[in-house]
Amino acid sequence: MAVIGQAGKKNPISGAEGPPPEAVVQSWDKCFDWQAATIGLRRPQLGALHAVIGYWTTGESESATVVLPTGAGKTDLMIALLVAQQLGRVLVLVPSDGLREQIASKFETLGVLRSTEIVGGGAAAPRVGRVLHKFETTEDAAGFAAATNVIVATPQALAASPEATQQALFDECTHLFVDEAHHIAAPTWKRIRDALGDKPKIQFTATPYRQDGRRLGGRLVYTFSLRGAQDIGLYAPIDYLPIRGAEDPDKAIAEAALQLLQSDLDAGFDHLAMARVASISMAEKLRELYAALGPQFDPQVIHSRLSARKRKSALDKLATRESRVIVCVDMLGEGYDLPNLKIAALHDVHRSLGITLQFIGRFARTSSTVGTATVIAARPEGQLDENLRALYLEDADWNNLIVDLSATRTTLERDVDEFEAGFTGQTASLSVRNALPRMSTVVYRTTCIDWNPANLETMFPPERLVSGRMQLNADWRVIWFIVEVHTPVSWTDLQTVEDVNHVFYALYWDEARALLYINCSGLDGHYEREAQALCGDSVQLIRGPNVYRTMARLERRIPTTVGLLDNRNRWRRFTSHVGADVSEGFPTAEAQTKTQTNIFATGFEGGERASVGASLKGRIWSYAPVPSLKHWIDWCDKIGGLIINDAINVDTVIASFIRPEILTQWPNRVSLAVELPDSLENTSGEGPLLDLGDVQEALAFADLRVMTFEPEPPIIEIATPSWTARYQVDVNGEGMLVQPIGTEPIVRRARGDAPLSQILNRLGFRVILEDDAIVQQPGILLRPNRDLSPYDRDKFEMFNTSGIDIRRESQGQERDQQSIQARAIKSLMAEDWQVILDDDGAGEVADIVAIMRQQQTLRVRLTHCKFSCEDVPGARVKDLYELCGQAQKSARRRGSLPVMIERLIARERGRLRRGRRSGFERGDLDALYDMLDRASRSLPELEIVIVQPGLSRERVSEQILHLLACTEVYVREVGSADLTVICSP
């Protein structure tokens, strides 16, 4: 490799002994064989070549963006553009040193153009300069550039020179190619692009959608999809193998990767394995682990702190197969090309699974000498489904490449899959998987015999429909599409200036009920034209008070917003009531001149948190998440069944709302339990750390409980295995607050540390009271306005107290068989529960947790035990207060079963880490992970059991029966759960 002048001492230029740069460009004149290119170039390369050349003919100065899947051959495309268009001097911007050398070397040989005879022998190789270090002067930079045809540089290497010196180099360049252009939003990259002014620029990328949402800029001139790459045989499917239930996930991943590697080698495949971690210290530890488990593979490590010599040595050993395992931090580097790298062991999953799998797309490239690629990763608790959803959104075609080896399809999943597969008109860039409408609709009554989708399509010009057409599922009678809407702007009368918006439509015709549902992201609330086009002129919008029927299935419904229209007072026609003021939205009998125009309420439905809003104008909505368009259809079916049900009395629905009551003093009721803010209660794993006196405990091992069962402001306690701290709860002019009694713990969280009282007071907490009441911030009492019948005595189940000390609650580490808990576990062991777990202790989900798979259902039984205050069973209400509070807290578990199971996993690992006995009476961590996999795809069925042998059925009091009745109705409404009470005769 020769050098040119002073600049070349540090920044080498190849081809100095050959013709000068101008002569090289002249040698390319008429040497590009377009007919040979149609054979020698891949389809995406040829398509992108024509697209870029066509774009350049427009004279537009905006950057052109080309999206090609990883491995489609971007570098050969760059070389084809250089030669076919006889470009003067191209600056190629790359993200890494390794990619700089790889691309520069390929330019020097003209890559595939030479080997496929797209260019003849008369075409000279370009002079290629590599920017490795800074330039001392502007003359050095300009001279270096003038001696080249192609300059390959990283932004870091260019930034080492002063801006004026950089500009001298940029001024000599005629074109800019940006490789791995998803980096272009970074300031250093963007500054270089902008420094080239209006000169032609092309951005090449495989990942046009950034995780942070920042745009790449430029005009998208060509996209070749992953599906297309698979169709032409460029990609094969990727197997995805999750590791679950391992006490040591890193060891389990390593063992699986090495076992697979050996299996592939035995099958005759020349495969290599890569282990990815997020830190250098972890990389060194993992190399030792892999070396211990598979010394025959001579594992190597590579990271940024290694010298260039050691990095080269490690990669050389891979190339010669002296080593078959490489441990790296993050990745081996963008653009690194090693086709035999077929096993990816992800010890630290990338913050974007999409970006990780884009890289692993290199592993999926087909070849006659290699087999299927496999990704191995520890299943990220509570994140897998969300990551895969994000992956589909980044590129909908990844679902055609990833094969989840652990997938256990349920009927619920198959229904969604069949629904999505039924759409015609889907394209690679616009799939039903990407359609996530809001839970909102207007409903029209219809009288037509059949609907007419073709008539609807004529309403919208094809050029305004995204992807040119509508997507139709004829079997389900659903149609959705996106329309490009142009509207005049208010600040000019120029017809060439418009606002351009994309409006989403989803329409569903329920033939059985003769109802048409329309969802639209636009501002217009009525869609008569669309409804008439689809179902005829006789359609009729459902509006007026009957829309409030949609709230009938909402248990413990609490209005959060009420709009009122005053029919007489024209100066104060409309008022809106929100939060604690919402009770004012329900006028008294003396103020019947006011009408509710809209109501939004929250509550529980089928044991899940739910919300619904309705407007007299006809719109119905909810803030529930929308996992898919199929879920919106199911919601519409539910709404439609209610709205046309004449048996539902609207006045009864409105009268049964729980009206918030603002407290000025603590209510005269006993406190049963206290609930953490949802943002803390629903944290997965062990949750944040609680620090008291430099002793830290995880939230998963902390209990927040009531200590004083009296009709007065309660004292509550947070208890862990190491310490306890107490607080006084009360209400005052600022709302419901807790005040620490003595030293209190600090909550350690990534977003910042804070005393527990500060978090409770800021985020809100709830106190469950007797008599079916709750106090929540800001000092509001919520209690249904109803009278409950006493708990049915015939429902009591008898506890076998033979050989049991009713004053011993827990079986403990020694498995005390005289305890109440041991006897309750023995009863469960006689049934078919697949998991039975003793979770007794601070932070417990319940004393005993039992889980069972039943077809589409995941059945969970939470058993709470309590010792008797005295030796003889009786009617002591204090024996029931804490149990009833625990039962009511448990009811909310149904709405977050995955979080509950993650908590159980974390607690079991914590027990083992502390050297304590496993909590499993039946099953193990693998079984619990299996339940976790099923939790998000199964219908939950919750049962709550309280065991108190200190309660006598024969001596039970009316006070206790009322307490149990309130507990029963609470767990039924909040958790859709059955309550079982086990006591003595």
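The secondary structure of this protein, taken from a predicted model, amounts to 28 helices and 45 strands. Of its 985 residues, 54% are buried. Among contacts between residues at least 6 apart in sequence, 71% join residues at least 24 apart.

**Helix 3 and helix 4**

- Helix 3 spans residues 43-56 and helix 4 spans residues 74-84; their axes lie 10 Å apart, and the packing angle is about 45 degrees.
- Helix 3 is therefore oblique to helix 4.
- The crossing in which helix 3 passes helix 4 is right-handed.
- On the helix 3 side, the contact is formed by Gln45, Ala48, Leu49, Val52, Ile53 and Trp56, which meet Asp76, Leu77, Ala80 and Leu81 of helix 4.
- Sorted by class, the residues of this contact between helix 3 and helix 4 are 8 nonpolar, 1 polar and 1 charged.

- Within helix 9, which covers residues 163-172, the buried residues are Thr165, Gln166, Ala168, Leu169 and Phe170.

**Helix 28 on its own**

- Helix 28 comprises 18 residues, 958-975, and at 1.5 Å a residue it should span 26 Å; the C-alpha atoms at its ends are 25 Å apart, so the two values agree.
- Ser976 follows helix 28 and has a positive phi, near 45 degrees.

**Helix 25 and helix 28**

- The axis of helix 25 (residues 878-890) comes within 9 Å of the axis of helix 28, and the two cross at roughly 10 degrees.
- Because angles under 35 degrees count as roughly parallel, helix 25 and helix 28 are roughly parallel to each other.
- Helix 25 contributes Leu880, Tyr881, Cys884, Ala887 and Gln888 to the contact, and these meet Gln959, Ile960, Leu963, Leu964, Thr967, Tyr970 and Val971 of helix 28.
- By class, the contact of helix 25 with helix 28 contains 9 nonpolar and 3 polar residues, with no charged residues.

Key: Residues are numbered from 1 along each chain as its sequence is written. This is a predicted model: local features need pLDDT of at least 70, side-chain atom pairs count only at pLDDT 80 or more; totals for chains, interfaces and linings use all residues. Side-chain values use heavy atoms; hydrogens and water are left out. Helices (H or I, at least four residues) and strands (E, at least two) are DSSP runs, numbered from the N terminus. The expected span of a helix is 1.5 Å times one less than its number of residues. Buried means under 20% relative accessible area, exposed over 50%, partly exposed in between (1.4 Å probe, protein chains only). Axes are lines fitted to C-alpha atoms, for helices over the stretch in contact, and angles run from 0 to 180 degrees between N-to-C directions. Angles under 35 degrees count as roughly parallel, over 145 as roughly antiparallel, 65 to 115 as roughly perpendicular and the rest as oblique. A crossing is left-handed if the near helix is turned anticlockwise from the far one by less than a right angle, and right-handed if clockwise. Contact means heavy atoms within 4.5 Å. Ala, Val, Leu, Ile, Met, Phe, Trp, Tyr, Cys and Pro count as nonpolar, Asp, Glu, Lys and Arg as charged, and the others, Gly among them, as polar.
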